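Hi there,

Here is the structure I promised to pass on to you.

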Number of protein chains: 2
Amino acid sequence: MAKEKSGERKPGTPTNRDHETIDKIQKLALNAVVAARTGKNPTVEIPVRALSNVQFNEDRRIIELGDRKASREFFNTSMAKKFMQTFLVANECRKLIAEQKTISIRQMYYKTKHTLKGTSENTFDEQAESDPIIEDVEVSIDALREELHLFANKRGLVVGQLTVDDAGDQIDLRRMGRGGWGIPSICEEDALKFVRCDAEFVLVVEKQAIWHRLNEDRFWERSKCILMTTEGQAARGSRRLLQRMSTELKLPIYVLVDSDPWGLYIYSVLKQGSINLAYESMRMAVPGVRYLGMSAMDFKKFTLSSAVQIKLTKEDLERAKQIRAYPWFAEKQWQREIDALVSNGFKMELDGLLTKDTSFISNEYVPKKLRDKDFLV
Amino acid sequence: MAKEKSGERKPGTPTNRDHETIDKIQKLALNAVVAARTGKNPTVEIPVRALSNVQFNEDRRIIELGDRKASREFFNTSMAKKFMQTFLVANECRKLIAEQKTISIRQMYYKTKHTLKGTSENTFDEQAESDPIIEDVEVSIDALREELHLFANKRGLVVGQLTVDDAGDQIDLRRMGRGGWGIPSICEEDALKFVRCDAEFVLVVEKQAIWHRLNEDRFWERSKCILMTTEGQAARGSRRLLQRMSTELKLPIYVLVDSDPWGLYIYSVLKQGSINLAYESMRMAVPGVRYLGMSAMDFKKFTLSSAVQIKLTKEDLERAKQIRAYPWFAEKQWQREIDALVSNGFKMELDGLLTKDTSFISNEYVPKKLRDKDFLV
């Protein structure tokens, strides 16, 4: 395939990065073929994705994978099937990239599932078998899932002072009505480009109903910002988009979650990544995000009524204790925050702010927090 | 408040329909006040929302509420609290409409929750208490939840041959990239207007990943249609939008779900409404929708491989039996379909069509089904 020169690529033809990914897959295959031909045992080196090989990088402030690798060998009865599966998946990814199509990881399971000729054995019996193989391919060739043209379900909406170009369509996020633009599952540079940004910051809201409240009050217009909801735990597309807004658009990013252990966890994953997906933190984590709220201190600070209090459960207390012990929450301000949550004995939802007034969050709460630089990092 | 003349309404001022809803709430209150002043027992008449008062209307092909009503009395120790709650909620709705704001039903719970003066008693202790009261207000004054300016979480995405005006923004659904426009929770005429439609039909897909597949293949462009995903069971916004596309745009609507009891149920709710929300079928159900697939017959018809087969569980079989007994599935073609599912012994997912080819669904499956008029109604 002929490679593009900058700006010359036709839509529907592979990008330079696509060619690099195909090359990496072909090198993986070539190594195995050469080994077989020279009478050696074909082998794939796969970085170990276990807690024992995960660490928190204090300098870069992200959770990342260590250097340990494991060998997957063809001539090894306990590994031969996985070896075959690895190449089945890698080959389908190569085809997807060449065809310029993207599919879900469930669809990849179907595409690679078939009965082996002359046997009753299936290549895969469950998606639970193919998902880890996809991760193996990702780490083996150091490519994001998105670069392999695979996606998990998308989630999240965005509006505000930004125009993007997505798959050739120019989209003005200032004119999205009440609906918002659905954040694509794949937010890589090849597919999604920033065209014009008039925003001074990004406000990320965990809950859709709070995003709706801020959008209906046109908070993003008055405050010159981009308003995003992750709709719960952030999906990969939302995380990658935020990372690009942070690094390419150089925008500060403020996060609004409920005041409870789950809210802290959502923030934590946005900021430094997760243990399970440590190998992807470099492309997903956004170490610069700031925790704007809700804080356990907000109950007194904003003289909220007791109607907002929800008693902490035993599970909440256990989870808070775990989170308190994470090295990335070691700083004094975080220990104070988590201690206040526990000693209050109650959690609070952003929705609770409506006990003050329907638009209290848009007119008072967020503006005051921003004005006072009242956030945690 | 001064009422609008057609076309004269300023944004942010109540519409004619808003005024009607406010009038209905005020009439409810006035009746109670008059009763109290004349020494009678203030009463609200509430249609009964129980299975015993639900029926399938054969002519209109929707599930609807019967005529039975219950009285909620103020001077009745078992009813007094609910009576008070009913007016608390109705009053907050009236204020929301006047302010031209919309909130979630959880936020309504917070707005109406407080401790009664001089007691330790709360107006509401759980959202599980306020949600049914909201439904009471809806049926008592015959207004949709959306007319009360309340919403449940939104879900669903749309692209295709349609331009809409939403909250004053003109939105071209032909230029939404890969993300799609998020379907608002409230899709009433006041807020969402159809500006220009070049579509010949609507294709509704249960699963987001299949919607993505069809969107990436630009199926809606080639086939001149609107492409929507409900992302599972359809939320109220998606249902209402579909109903308006059916009645106002006069478009045929084709539904694509998995071949399993859950898929049949999703279709069934779109078509004739649900027993739980029978009082809203008139504004939500779309009796004209057509079941395009997946059909249990598709396994042979499209010579699919055994890789697509997922064994029916005991629960699947029980659910299929229940669905088979619904009066709206009494026609021969439906009995045949459900029998085929059961006798196959397996269910199938739309994702399974990728075993043929990545774009088989866009290039072969859907076009052939449409060409052959191969659908159920």
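Predicted model: local features only at pLDDT ≥ 70, side-chain atom pairs only at ≥ 80, totals over all residues.

Let me begin with chain A, where the domain assignment gives two parts: domain 1 covers 16–41 + 76–151, and domain 2 covers 157–371. Their C-alpha centres are 35 Å apart. Where they meet, 12 residues of domain 1 of chain A are in contact with 11 residues of domain 2 of chain A, and the two domains bury about 1,100 Å² between them, with 51% of that on carbon and sulfur atoms. On the domain 1 side, R17(A), L144(A) and E146(A) lose the most area, together 54% of what that side buries.

Helix 4 (127–141) and strand 6 (150–151) of chain A each give two or more residues to the domain 1 side, and helix 4 of chain A gives the most, with 3 residues. By class, that side has 4 nonpolar, 1 polar and 7 charged residues.

Elsewhere in chain A, helix 8 (residues 261–272) packs against helix 11 (residues 314–324) at an angle of about 35 degrees, and their axes are 9 Å apart. P261(A), L264(A) and Y265(A) come from helix 8 of chain A, and they meet D316(A), R319(A), A320(A) and I323(A) in helix 11 of chain A. The residues of this contact divide into 5 nonpolar, no polar and 2 charged.

Now to the two chains. How many residues does each of them bring to the contact? Chain A and chain B each give 57 residues. They bury about 4,500 Å² between them, 44% of it on carbon and sulfur atoms. Q107(A), Y110(A) and R178(A) supply 17% of the area that chain A buries against chain B, more than any other three residues.

There are 4 salt bridges between chain A and chain B; in one of them, D166(A) pairs with R178(B), with the closest N and O atoms 2.6 Å apart. Polar contacts link 36 residue pairs across this interface. Among the elements giving two or more residues on the chain A side are helix 2 (80–99) and helix 3 (105–112) of chain A, while helix 5 of chain A gives the most, with 7 residues. The chain A side divides into 20 nonpolar, 20 polar and 17 charged residues.

Enjoy exploring!

Methods: Residues numbered from 1 in each chain as written. Chains lettered and ligands numbered in written order. Heavy atoms only, no water. Domains from an automatic or database assignment. Contact = heavy atoms within 4.5 Å. Buried area = accessible area lost by both parts, 1.4 Å probe. Helix = DSSP H or I, 4+ residues; strand = E, 2+ residues; numbered from the N terminus. Nonpolar A, V, L, I, M, F, W, Y, C, P; charged D, E, K, R; others polar. Axes fitted to C-alpha atoms, helices over the stretch in contact; angles between N-to-C directions. Salt bridge = Lys/Arg side-chain N within 4 Å of Asp/Glu carboxyl O. Polar contact = N/O pair within 3.5 Å; in protein donor to acceptor, adjacent residues only side chain to side chain.
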